[in-house]
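Please look over the sequence and the structure below.

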Amino acid sequence: MSDLYSTEEKEERLILVLAATGDEQTAVSSLDELEELLYTAGGRSVGRLIQNREKPHNATYLGKGKLEELKELIAELGADGIVTDDELSPAQLRNMESILDTKVIDRTMLILDIFAKRAGSSEGKIQVELAQLKYAAARLVGLRSSLSRLGGGIGTRGPGEKKLEMDRRVIHDRISLLKEQLREVQRHREQTRKARENAGSFIISIVGYTNAGKSTLLNTLTEAKVLAEDKLFATLDPTTRKLVLESGQEVLLTDTVGFIRKLPHHLIDAFQSTLEEAKYADLILHVVDLSNPDADAHMLVVYETLKKLSAMDKDIITVYNKVDICSDQICLPRDFHALDSMKISAKSGRGLAELKEMIERIIRSRKIYLEKVFSYQNAGRIQDIRKYGELISEEYTEQGIAVKAYVPCELYGKLQEYGKEE
């Protein structure tokens, strides 16, 4: 593999740092998530430091006294560096590295690093490199000194040291090339979407906070065999699989990249086409980890992201997942955006039969009732009804095949061209 994704396999020991502007519980939850991100990237948290402030210090993120305290903590714990829970400005990054004389990475660098590890498809790799180069271009000077001293590791996957040593002109040339490659991929994706629409396929997009169980749900419903780990961003590349409902109708399920608090805008920009799977879906399944104490906050993040994608006009079913590890008395978070909601366990399969029934009811409500007699020469049209609609009954008579069904509007118009007189 090229040096684009080269990495040093070493468990780095980092201190988690946060300039907290909210309440204590929010700060603790945010650092808990940062610790999970660090674990996913292959590192380990060896300590935490929180400073309560009205806003982060413009030049150094933390105040002078806290930076001195942090410097002592780094030496005491033998840490390899620090990771901040917010994205640092170029000035903050340079100043903190100068004062602390150690590796400094921020939340954005950490998430980009994870994405570089997880991207499997060519599209995913293009999107990740594009996001990293955009981020690196603004921070080239500070990152250069850091990488030359520390020689890689977490936060340096993707462009890598050699890429960051290029001047800005070369980086921007590379960004332009990647954008053109991405536009080509997007054109192909749009063609695929149009083909699905023309075929009358019903498309369901699975969205949710990272590690809510989206991939597990896709696997259980469709036997997709998508990687499902108890880690943040276990899967990155979108996967579409066919689900056959009890009526015999086929629908398409698409698993999307997980959402997260403070999702870097570089990633939202780069992954726009992937995230827009939700925008073009007929129905959204919003998966919520009911066992997570921050479920309410996670739901808010998902809806804020869907709003940015202009996907809030879709019908949404909220599925509260992981009930197998929750108390039966647990209260469900209130969701005013959802058309309906239910409790499930994607792992054990509990509630999935009811979920499929709910999906069928929603699909049927959007279809047109068809009662028609087809000639035997046109018997093949009935297979289209089975695939894209719901076949209620078929009766073979002397006049032809008498059919009662619910079909999509697009298919209804096409079927009117066929009749028993042909």
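Helices and strands here are DSSP runs, a helix having at least four residues and a strand at least two, numbered from the N terminus. On that basis, the protein has 15 helices and 13 strands. The model is a predicted one.

Of the 422 residues in the protein, 53% are buried. As for contacts between residues at least 6 apart in sequence, 71% of them join residues at least 24 apart.

Helix α1 covers residues 24-40, and helix α4 covers residues 107-118. The two pack with their axes 9 Å apart, at an angle of about 35°, and the crossing is left-handed. On the α1 side the contact involves S30, E33, L34, L37, L38 and T40; on the α4 side it involves R107, L110, I111, I114, K117 and R118. By residue type, this contact of α1 with α4 has six nonpolar, two polar and four charged residues.

Where does R118 lie? R118 is found in helix α4, and R118 is among the α4 residues that meet α1. Is R118 buried or exposed? Its relative accessible area is 19%, and the cut-off for buried is under 20%, so R118 counts as buried. R118 and A41 are 77 residues apart in sequence, yet their C-alpha atoms are 9.8 Å apart in space.

Conventions:
Residues are numbered from 1 along each chain as its sequence is written. This is a predicted model: local features need pLDDT of at least 70, side-chain atom pairs count only at pLDDT 80 or more; totals for chains, interfaces and linings use all residues. Side-chain values use heavy atoms; hydrogens and water are left out. Buried means under 20% relative accessible area, exposed over 50%, partly exposed in between (1.4 Å probe, protein chains only). Contact means heavy atoms within 4.5 Å. Axes are lines fitted to C-alpha atoms, for helices over the stretch in contact, and angles run from 0 to 180 degrees between N-to-C directions. A crossing is left-handed if the near helix is turned anticlockwise from the far one by less than a right angle, and right-handed if clockwise. Ala, Val, Leu, Ile, Met, Phe, Trp, Tyr, Cys and Pro count as nonpolar, Asp, Glu, Lys and Arg as charged, and the others, Gly among them, as polar.
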